[in-house]
Amino acid sequence: MERNTKLHGLVALFDTPDQIIHAAEKVSHSGYKDFDVHTPYPVHGMDDAMKLKPSKLGYVTLVFGLSGAAFALLLMWWTMVVDYPMNIGGKPFFSLPAFIPVTFELTVLFATLATVIGMITFFFRFPDNKHPLHDTPYMQAVSRDKYGVFIGASDPKFDVKEVRALFESLGGKKISEIMEIEKTWQDAFNPKFIGILVTTAILVSGGTYFALNKLLYITPFNWMEHQFRGVPQEKSDFFADSRMMREPVAGTVARGHMPYEFKDSVAQPADPVENPLVNSPEIFKLGQKKYLTFCSPCHGDYGDGDSRLNQQFPNPPSLHTTKLRDWKDGNIYHVITNGQNVMPSYSHQMTVKERWAVVSYIRALQKAKNASETEIEQFRKENTSNGN
Ligand code: HEC
């Protein structure tokens, strides 16, 4: 490195950690501001001895972490509320609990990236890669087994003689002057520097690739891994159509399963299936439970079509219309199983028995809203004669 005649500062070496702590205390106590300490490893108590303030890097982390949180919330608000609002189970469009994971992730991402980039650019002054202390015998010594103190010539209190005397009084050895170096903007493009950066990048990414994509997949034993058998989704050399997964033989019916013959037909069947359940309190209970879980969010608790969704989804018709009361049980079952227009099928959420129980429950709701005078009389009589 080219050096000029301008003084950058004075350095001194010490032999033990105790000496360097003592030296740091004395130097900061004497009122020097532009000074630094170099040790081969972190020495306990050095922060206090140097009277170092906490790093300002934390503010960078805080500001960018908060920006990350704000960005995540704004992004989700824009996509989920403004640009493409979607009704998810009737929940509010701006639903904070669901947004927490993304907000957390972006907070951490912004904060960590900003911390690393901020540290390298603001605090290490990247791409400035030259420093007067580089390549000095002093730096070599403190990288190995010595402890060093540096006082900069830019310090207002700096005076070569005084600093030298201070170092000597502390027992400093090899006290020497460090001269300034010549810096140009081309330093950042120094081939050696670029070469080291590129080599590091290649080694790190190559190592990561090898570890995650190759090393992790080396099989220690493959005793039973490769067998002559059919694996789902794999190619087959055995069957003519090259597929390993086979369809059941045509007409096969699984044990305990009764196929619904009008499955996937949009239109209502002319001759709908009969309700196989016999009414009982258990069946109504089951039907009520399933109805309140799967149907009431749209149809309302009593089937009036007045649910809490309220215009967020096309309002369903009332289940108490004459049309629906005249329907056979099988027609309602058909709608639950296949869906109807915008209403989706509920065949995956409910078993066949549960679907029929819901039909029975809807029948009970209809009866409750349309009982005739004679039926009410009949009910009263039966219940008073029982003594209830
Ligand atoms: C996501 C909201 C929603 C849910 C949940 C829902 N439905 Fe519907 N349902 C509708 C809408 C909307 C219609 C009207 C569809 C149309 O335009 O034909 C409808 C229509 C119906 C009809 C036919 C009404 C008619 O007059 O044609 C029946 C019967 C019915 N639903 C029963 C049920 C049952 C039983 C459940 C529970 C298993 C259920 N629905 C769950 C929204 C829903």
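**Reading the model**

Me: In which helix is Glu25 found?

Reply: This is a predicted model, where local features need pLDDT of at least 70, side-chain atom pairs count only at pLDDT 80 or more, and totals for chains, interfaces and linings use all residues. Residues are numbered from 1 along each chain as its sequence is written. Helices (H or I, at least four residues) and strands (E, at least two) are DSSP runs, numbered from the N terminus. On that basis, Glu25 is found in helix H1.

Me: Is Glu25 buried, exposed or partly exposed?

Reply: A residue is buried if 20 or more other C-beta atoms, placed from the backbone, lie within 10 Å of its own, exposed if 12 or fewer, and partly exposed in between. Glu25 has 17 other C-beta atoms within 10 Å, so its class is partly exposed.

Me: How many Å separate the C-alpha atoms of Glu25 and Trp77?

Reply: Along the chain, Glu25 and Trp77 are 52 residues apart.

Me: Is Leu106 buried or exposed?

Reply: Leu106 belongs to helix H4. There are 20 C-beta neighbours inside 10 Å of Leu106, and therefore Leu106 counts as buried.

Me: Which residues does Leu106 touch, not counting those up to four places away in sequence?

Reply: Two residues are in contact if their C-beta atoms, placed from the backbone, lie within 7 Å. Leaving out residues up to four places away in sequence, Leu106 touches Gly68, Ala69, Phe71 and Ala72.

Me: At roughly what angle do the axes of H3 and H4 cross?

Reply: Axes are lines fitted to C-alpha atoms, for helices over the stretch in contact, and angles run from 0 to 180 degrees between N-to-C directions. The axes of H3 (residues 57-83) and H4 (residues 96-123) come within 7 Å, and their crossing is at roughly 145°.

Me: By class, how many residues does the contact of H3 with H4 have?

Reply: Ala, Val, Leu, Ile, Met, Phe, Trp, Tyr, Cys and Pro count as nonpolar, Asp, Glu, Lys and Arg as charged, and the others, Gly among them, as polar. In the contact of H3 with H4, the counts are 17 nonpolar, 8 polar and no charged residues.

Me: Which helix gives the most residues to the shell around the ligand?

Reply: A residue is near a molecule if its C-beta atom, placed from the backbone, lies within 6 Å of it. Of the 21 residues around the ligand, Cys295, Cys298, Pro316, Asn341 and Met343 come nearest. By class, the shell has 16 nonpolar, 4 polar and 1 charged residues. With 5 residues, the helix that gives the most is H8.

Me: Which residues are buried in helix H10?

Reply: Helix H11 (352-370) is part of what covers the buried residues of H10. In H10 (residues 329-338), the buried ones include Ile332, Tyr333, His334, Ile336 and Asn338.

Me: What is the phi of Lys174, roughly?

Reply: Most residues other than glycine have a negative phi. Lys174 lies in strand S4 (residues 173-181). Although Lys174 is not a glycine, its phi is positive, at about 45°.

Me: Is Asp264 buried or exposed?

Reply: Asp264 sits in the loop between helix H7 (191-214) and H8, and its phi is positive, near 70°. Because 8 other C-beta atoms lie within 10 Å, Asp264 is exposed.
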